[in-house]
Amino acid sequence: MKTPWCNVLLTDSGFYYDNELDKPLDLLINRFGAMLQKPFAKATVLFIPTAAMQNEVKANAIINRLKNELLTMGILEDNITIYDIDGSLSEEDAIKFDVIYITGGNTPYLAKRVREVGFEKIIKKTIFANKIYIGMSAGSMLLTPNFNVDDINNPQFTGLGLIKAYVTVHCDKGTKNRSDLPLPHISLQENQAIEVHWDGYMVIESNLQYV
């Protein structure tokens, strides 16, 4: 029997509201901390901005913003390793990290790069070993069965299928979930994330005190 896994947190936009470091989404940060089971200062993070790497300006903006979020939480800069998926990272080295954090950007491009070098095996191995997987936008949709809810039978949009639901990100409050799909649909908002584990998932929502 496979070991139950549980340390997957799929965020819409990261851990701070409106891209501002004085607006923490406390519930999301606390859930991350609970998964970590050690001080943030002792955590090692494999930080993967591949989804944004087609556009240098966008990539730099995402890297700087999300790295600053991690630093603000207390993760040390020396403990953050940036990796653009290229096949150079072995399973043995990947499993040494406490956290894999895959950022937002172009989801089809990310999925293509993941499959070209077999990185989906590393993602699954680390998750099944109960290392932490953090997704943000594209990094979250990568784990769905298919990340284009308007074309779910197109293999171009096939995800890794570790959450048994379809996810749409960056939705406005009150956006209705689709009811015409073969699996549940989640319209994810900026202050929300999905906790995923081996036998299900749960949407969590941090209170917005800043609006």
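1. Seven aromatic pairs are counted in this predicted model, where rings of Phe, Tyr and Trp (its six-membered ring) pair if their centres lie within 6.5 Å, with planes under 30 degrees apart called stacked, over 60 edge-to-face and the rest tilted. Residues are numbered from 1 along each chain as its sequence is written. Local features need pLDDT of at least 70 and side-chain atom pairs pLDDT 80 or more, while totals for chains, interfaces and linings use all residues; side-chain values use heavy atoms, without hydrogens and water.

2. One of the pairs, tryptophan 5 with phenylalanine 128, is tilted, at 6.1 Å centre to centre and 40° between the planes. It links distant parts of the chain, 123 residues apart: tryptophan 5 lies in the segment before β1 (8-11) and phenylalanine 128 in helix α5 (residues 119-128). Tryptophan 5 is buried, at 9% relative accessible area, whereas phenylalanine 128 is partly exposed, at 31%; buried means under 20%, exposed over 50% and partly exposed in between (1.4 Å probe, protein chains only).

3. Phenylalanine 15 and phenylalanine 32 are stacked because their ring centres are 5.3 Å apart and their planes at 20°. Phenylalanine 15 sits in the loop between β1 and α1 (26-36), and phenylalanine 32 in helix α1, 17 residues apart. Both residues are buried. Together with Phe40, Phe47 and Tyr101, Phe15 and Phe32 form one aromatic cluster.

4. The lining of the largest pocket consists of Tyr17, Lys173, Gln189, Glu190, Asn191, Glu205, Leu208 and Val211. A pocket is an open set of points on a 1 Å grid over the protein atoms alone where a 1.4 Å probe fits, with protein on both sides within 12 Å along at least five of seven lines; lining residues have an atom within 4 Å of a point.

Technical notes. Helices (H or I, at least four residues) and strands (E, at least two) are DSSP runs, numbered from the N terminus.
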